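Hi,

Here is the structure I said I'd pass on. Have a look at it first, and then read my notes below.

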Amino acid sequence: MNFRRILLIATPYAWLVALFLVPFLIVFKISLSHYAISIPPYSPVFDISAGWEGFKTFLSKLDFDNYRFLSGDDLYWKAYLSSLQIAAISTIITLVVAYPIAYGMAQANDEWRPTLMMLVILPFWTSFLIRVYSWIGILSNEGFLNQILLGLGVIDTPLAIMNTNTAVYIGIVYTYLPFMVLPIYATLEKMDGSLIEAAEDLGCTRISAFWLVTLPLSKPGVIAGCFLVFIPALGEFVIPSLLGGSQTLMIGKVLWEEFFSNRDWPVASAVAVILLVLLIIPIILFQRNEQKQREANQ
Amino acid sequence: MAQPASRPVFAPWNDPAAKPLIQFKSVTKKFGEFVAIDDVTIDIFAQEFFALLGPSGCGKTTLMRMLAGFERPTKGQILLDGKDLADVPPNRRETNMMFQSYALFPHLSVWENIAFGLKRSPMPKGEIGPRVEQMLKLVRLDKFARRKPHQISGGQRQRVALARSLAKAPKLLLLDEPLGALDKKLRQDTQFELMDIQEKTGTTFLIVTHDQEEAMTVASRVAVMDHGKMIQIDTPDRIYEMPNSVYVADFIGDVNIIKGNAKPTGEGRFAISWAEGQPDIAAASGAGIAAGTPVHFAIRPEKIAISADKPADRANAVKGRIEDIAYLGNISTYKVELANGAMIKAQVANDRRLARRTFSWDDMVWLSFTDTAGVILMK
């Protein structure tokens with residue numbers, strides 16, 4: 001057997017095992033444990049010196065109590081549902097904002113495209129946290145937005161955007177916009193311009209040519225972009241905790257509070273495992289979409 | 001076999017009463033400072049198979065795109081059926097185009113591609129299906145209706161593109177290098193198929209090509225372009241036999257061009273002196289050429305005979321040595337060097353097996369041609 005080939009294939013798998021599977025198993029194990037006032041704050045703790053008998057008693061003490069607790073308390077289900085809703089709505093808004101940007105970029109002159117691409121990526125050069133904090137400066141009651149609108153006389157009282165779901169949507173859309181723009185741009189950019197001309201030649205107006213040709217052909221980019229926004233937005237924690245208010249319920253925030261405020265690691269781990277299972281569904285769909293596209297291109 | 005006498009010759013361009021379908025009236029197109037089309041005037045008649053021929057960058061594609069509506073003329077008028085096309089957008093023109101890249105919609109099946117234009121037309125829904133089936137039959141793709149463009153071969157894609165552009169029964173079909181992506185054998189078959197379909201549908205075809213053989217094969221008339229100008233518009237045989245310039249003679253097929261000075265020797269007869277120690281070339285021309293006028297004499301290689309002895313009955317005969325022989329299967333091209341160093345190409349059909357070839361390298365031979373075999377060109 002070819003040693004080089006095995007090495008080549010083994011490397012990514014080794015990374016996956018070390019950085020994903022092992023941590024996941026640890027989290028999963030903790031989710032089956034019980035809260036305890038100790039260090040670490042759960043029991044049982046596996047004692048390697050006790051040998052095989054110790055391992056057996058350790059296993060017998062694990063159970064699914066935490067999952068039962070999660071399904072019993074509607075706070076968690078509401079948090080999951082609310083996260084799904086916020087992630088879905090943000091994804092749709094991001095798509096609506098990003099598509100015209102990507103379309104404009106693809107229509108631009110060749111010499112302008114690298115610059116426009118740069119402008120889309122530029123925000124990544126600043127820390128994500130700082131950018132989210134700066135939105136507080138824009139959206140708060142005394143922020144830029146309200147001051148400008150008050151100054152222009154558009155509004156009499158400051159808009160209460162900060163600490164609402166609206167602020168969370170703005171934050172998510174802003175943060176994940178490049179992830180939507182780039183895949184859509186990539187599909188639009190490689191599209192053959194003569195297809196639009198052919199559509200017009202066959203009787204389409206500019207607008208119907210867009211609906212019948214451009215949009216269907218950019219579907220792979222749209223799907224990829226939607227997953228790239230939806231998946232991280234679902235577990236988002238920083239944006240809802242900085243921009244959202246008390247009524248903003250997102251599972252990422254619940255998870256954080258469970259870990260650090262309650263110090264209930266077993267429940268927090270159970271929340272994380274369920275979140276992962278929820279995320280695996282769209283990730284598998286995403287993979288299948290990519291696979292189908294690759295086959296279509298062959 | 002002789003043509004049946006009842007069949008009239010199709011030549012509306014010779015009929016002063018015929019009304020052209022397409023008229024270009026001193027059309028000029030500039031891209032910034034670059035002049036892509038320079039004051040072009042042409043008439044194209046209904047049911048013609050008209051070829052625009054020229055090297056890349058000569059403006060032939062721009063001319064076609066102006067007809068389709070993707071470009072607007074800077075100056076001049078384009079008329080379709082006597083109506084000015086200037087303000088008609090592409091989707092309202094009674095022209096359809098077959099793109100060089102075919103531009104088939106990759107997300108639609110063959111059937112849906114062909115139906116695409118029909119669905120955008122006022123045609124009733126019930127008639128679209130039969131029309132698509134009819135087009136599929138015309139291009140012999142009935143079995144591939146449900147396939148996507150990436151699931152069929154290049155030649156099949158080409159036929160889908162043709163069917164799609166013909167489906168709406170346009171007054172004028174524009175073909176932009178339609179056979180460029182096909183290999184030679186398939187291209188030749190498709191050329192005949194194109195002519196066949198053109199005849200069956202009675203549609204006027206305008207084809208853009210840089211392949212002179214293709215233009216000669218399919219077209220009823222050929223327009224040779226260079227640098228945005230029309231050099232010659234004529235039937236393929238006249239373009240070949242009676243080019244109006246060195247450019248056309250050289251662009252179409254193989255040719256020997258000899259520079260010299262003409263002097264009249266009789267009614268429509270001229271002698272061209274062209275090199276020291278070589279006999280003057282006797283040639284015929286309808287044009288009145290003053291003595292001493294510098295001219296080009298153009299003669300096709302296949303019009304030159306090659307023989308071991310000097311033929312007595314030919315107006316022109318020169319002696320030379322065979323420098324090179326190019327064997328092309330059906331014909332051989334002999335490159336013969338004359339005493340003054342001039343190189344003349346002569347072509348001979350290989351009607352015998354190669355082993356019995358009469359001449360070989362370095363043989364001394366006589367090249368001969370009649371006085372009407374070549375043409376005298378002034379430019």
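Predicted model: local features only at pLDDT ≥ 70, side-chain atom pairs only at ≥ 80, totals over all residues.

Where chains A and B meet, 17 residues come from chain B and 15 residues from chain A, counting two residues as in contact if their C-beta atoms, placed from the backbone, lie within 7 Å. On the chain B side, β6 (95-98) and α2 (110-119) each supply at least two residues. That side has nine nonpolar, seven polar and one charged residue; Ala, Val, Leu, Ile, Met, Phe, Trp, Tyr, Cys and Pro count as nonpolar, Asp, Glu, Lys and Arg as charged, and the others, Gly among them, as polar.

Residues are numbered from 1 along each chain as its sequence is written, with chains lettered from A and ligands numbered from 1 in the order in which they are written.

Chain B splits into domain 1 (14-249) and domain 2 (254-377), with bounds from an automatic or database domain assignment. Their C-alpha centres are 39 Å apart. Five residues of domain 1 touch six of domain 2, and the domain 1 side has four nonpolar, one polar and no charged residues.

Now for β14(B), residues 293-299: five of its seven residues are buried, meaning 20 or more other C-beta atoms, placed from the backbone, lie within 10 Å of the residue's own. Strands here are DSSP runs (E, at least two residues) and helices too (H or I, at least four), numbered from the N terminus.

Cheers

How values were computed: Buried ≥ 20, exposed ≤ 12 C-beta atoms within 10 Å, placed from the backbone.
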